[in-house]
Amino acid sequence: MASELNIHICIDVLDSTNELTQQERDAMSLAQEAANDAYAPYSNFLVGAALVLEDGTLFKGSNQENAAYPSGMCAERTALFATSAHYPNKKIKLIAVTARRRSEQHFLPAMPCGACRQVMAEYEHKQGEAIPVLLQGPDGKFYRLRSVSDLLPFQFNKEHL
């Protein structure tokens with residue numbers, strides 16, 4: 001007999017920055033700054049991420065490409081790894097992600113890749129508390145997720161080892 005699995009994914013679609021909290025606006029602004037600083041000479045796709053820590057500290061990361069493509073790093077993982085190296089015991093209260101093409105000034109929808117979702121899930125699991133995610137959406141909209149679990153509902157973590 002088949003059993004049922006109920007998973008509830010919650011995504012708020014916000015129409016403009018006016019609907020963001022001040023903390024979310026600050027984080028998205030820093031993510032945009034990070035995207036503008038990205039090292040992406042091959043793809044010309046600039047991605048920025050910003051983290052808000054429990055004490056209000058903001059930390060950013062951008063994608064870092066390399067001529068040997070697999071050697072590059074996405075913005076989300078750059079931000080998470082650098083933050084963890086500097087503040088290993090501080091909880092993450094928010095992750096914001098945005099992107100743009102080098103040839104354009106406006107920001108585009110930004111969805112973390114699978115590897116970034118897994119790393120984000122690891123940090124959420126590590127801190128034992130949800131990490132809300134704010135993503136740039138289309139046409140000036142934003143997606144607010146209550147947890148990394150909403151991006152990756154079936155996670156692999158240390159309990160599976």
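The lining of the largest pocket is made up of 13 nonpolar, five polar and three charged residues. In that tally, Ala, Val, Leu, Ile, Met, Phe, Trp, Tyr, Cys and Pro go down as nonpolar, Asp, Glu, Lys and Arg as charged, and the others, Gly among them, as polar. Keep in mind that this is a predicted model, where local features need pLDDT of at least 70 and side-chain atom pairs count only at pLDDT 80 or more, while totals for chains, interfaces and linings use all residues. Residues are numbered from 1 along each chain as its sequence is written, and side-chain values use heavy atoms, with hydrogens and water left out.

Back to that pocket. Its space comes to about 340 Å³, a volume being the space filled by probe spheres set on grid points that are joined across faces, edges and corners. A pocket here is an open set of points on a 1 Å grid over the protein atoms alone, where a 1.4 Å probe fits, with protein on both sides within 12 Å along at least five of seven lines; lining residues have an atom within 4 Å of a point. Of the 21 lining residues, Val47, Asn63, Glu65, Met73 and Cys74 are the closest to the centre of the largest pocket. Strand S2 (45–53), helix H2 (75–86) and strand S4 (92–101) are the elements giving two or more residues to this lining, and H2 has the largest share with three. Helices (H or I, at least four residues) and strands (E, at least two) are DSSP runs, numbered from the N terminus.

H2 turns up again in the second largest pocket, where H2 and helix H3 (114–127) each supply at least two lining residues. This pocket holds about 150 Å³ of space. Its lining has 13 residues, and Pro88, Lys90, Tyr123, Lys126 and Gln127 sit nearest the centre. By class, that lining splits into six nonpolar, four polar and three charged residues.

On to the charged pairs. The count is 10 salt bridges, each a side-chain nitrogen of Lys or Arg within 4 Å of a carboxyl oxygen of Asp or Glu. One of them pairs Asp12 with Arg144 at 3.6 Å, N to O. Asp12 lies in strand S1 (residues 11–14) and Arg144 in strand S6 (residues 142–145), so the pair ties together parts that are 132 residues apart in sequence. Asp12 is partly exposed at 32% relative accessibility, and Arg144 is partly exposed at 22%. For these labels, buried means under 20% relative accessible area, exposed over 50% and partly exposed in between (1.4 Å probe, protein chains only).

Another salt bridge joins Glu33 and Lys60, with the closest N and O atoms 2.7 Å apart. Glu33 is in helix H1 (residues 22–36) and Lys60 in strand S3 (residues 58–62), so this pair also links distant parts of the chain, 27 residues apart. Glu33 is partly exposed at 40%, as is Lys60 at 32%.

Then there's Asp150, whose side chain meets that of Arg146 in a salt bridge (3.0 Å, N to O). Asp150 counts as buried, at 6% relative accessibility, while Arg146 is partly exposed at 45%. Salt bridges that share partners also join Asp12, Glu24 and Arg144 into one network.

Last, the cysteines. A search of the whole structure finds zero disulfides, the test being a pair of cysteine sulfur atoms within 2.5 Å. Cys116 is in no disulfide, and the nearest cysteine sulfur, that of Cys113, is 3.7 Å away. Cys116 is buried at 0% relative accessibility, whereas Cys10 is partly exposed at 33%.
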